[in-house]
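Here are my notebook entries from a browse through this structure. Have the model open beside you and follow along.

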Amino acid sequence: MEWSKTKTIFILAFLILDLYLAYSFYEMRSDSIVEPMVETTTEEDLQLAGITYSKLPESQEKGFYITAKSKEFTAEEIAKLKDQSQRSTIGESSITTLYMDLDKPFPLPDVNAEVKADQFVKNNVLYGELYHYWYSDEKSNTMIYIQEYKDNKIFQELDEHIAMVILNLNEKNEIVSYNQSMLEDIKEVQEKEVTVSPLEAIGVLYTKNLLQMNSKIVEVDYGYYTNIPLSNQQILAPTWHLIVETNQGERKDYYVNALAGEVLQSSEKSIRSE
């Protein structure tokens, strides 16, 4: 009788021990399982940061680098320009930038001034059909036109323009002079490669911490850009140009290489009207 009770106690004890060991094993196994990291998409990251953008342009299926040469304007070409005169360029062996003064100011209307300015550029500037309106700079009272290649803009800075027409206005909103530079012998020098999408270009700026919280992407455009303009020969990369407006109202320009997915350059334009 005593042995029967003792055996029962041992069986119960071993059963309790088995339950304890099983529970301990389950706890250890649960602790060793690492929860998988949930990867967020670029859209989700931007949404969490309050960064907004409107409809983005279509992705470019293929992109390529281009080379070009700075055009040297000839005396014969300049002589074709009527009712305007070239400023003195004494000491220059070649003329890659024209500085032209109008004999008579060319008036622009208060409304739709861009349409009238387009007519002026096409009719009064050498190879004017190659240039397209980019933006107006209220601070310097100028209108900026840039050259295009296959309907894609050649982006550049004002102080180092390589393919640009700058219309200078007076206080009466009249064109009084302009500066012109131009690229020629444009060639595609590399096999076409798949480009990053506009959204991926925004993602590049985000991962580089270049986008402030609650910023707005106000413009995204595709073209070509070099952050190291040379005196004669240019090498330009396929580029996404992004204009970002901070929540303080400040606007910044960013250029992202559309093949390498890297930031080429950034600059600030505090006053810019489209």
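**Strand β8.** I began with β8 (164–169), where six of six residues are buried. Buried here means under 20% relative accessible area, exposed means over 50%, and partly exposed is in between, with a 1.4 Å probe and protein chains only. Strands are DSSP runs of E with at least two residues, helices are runs of H or I with at least four, and both are numbered from the N terminus.

**A note on the model.** I am reading a predicted model, in which local features need pLDDT of at least 70 and side-chain atom pairs count only at pLDDT 80 or more, while totals for chains, interfaces and linings use all residues. Residues are numbered from 1 along each chain as its sequence is written, and side-chain values use heavy atoms, with hydrogens and water left out.

**Neighbours of β8.** I then checked the pairing, which requires that DSSP finds at least two bridges between two strands. β6 and β8 run antiparallel and are joined by five bridges, with Y145 opposite V165. On β9, the residue opposite V165 is Q180; β8 and β9 also pair in the antiparallel sense, over five bridges. Four residues separate β8 from β9 in a hairpin, and N173 in its turn has a positive phi of about 65°.

**On to β4.** I followed β9 to β4, and found six bridges between these antiparallel strands, with P107 standing opposite E174. β4 also runs antiparallel to β3, with three bridges joining them; Q84 stands opposite L102 there. In the loop between β3 and β4 I stopped at T97. T97 counts as buried because its relative accessibility is 16%. Beyond its neighbours within four places in sequence, T97 is in contact (heavy atoms within 4.5 Å) with H161, Q180 and S181.

**The cores.** Which residues have the most contacts inside the largest nonpolar core? I found F120, M143, Y145, L167 and Y178, in a core of 24 residues. Such a core is a set of buried Ala, Val, Leu, Ile, Met, Phe, Trp, Tyr and Cys residues joined through side-chain atoms within 4.5 Å. The elements that each supply at least two of its residues include β4, β6, β8 and β9, and α4 gives the most, with four. A second, separate core has 19 residues, among them L199, I202, Y254 and A258.

**Helix α5.** I moved to α5 (residues 198–207), where seven of 10 residues are buried. They are P198, L199, A201, I202, G203, V204 and L205. N209 follows the helix, with a positive phi near 60°.

**An exposed leucine.** Is L48 buried or exposed? L48 sits in helix α2 (residues 42–48) and counts as exposed because its relative accessibility is 69%.
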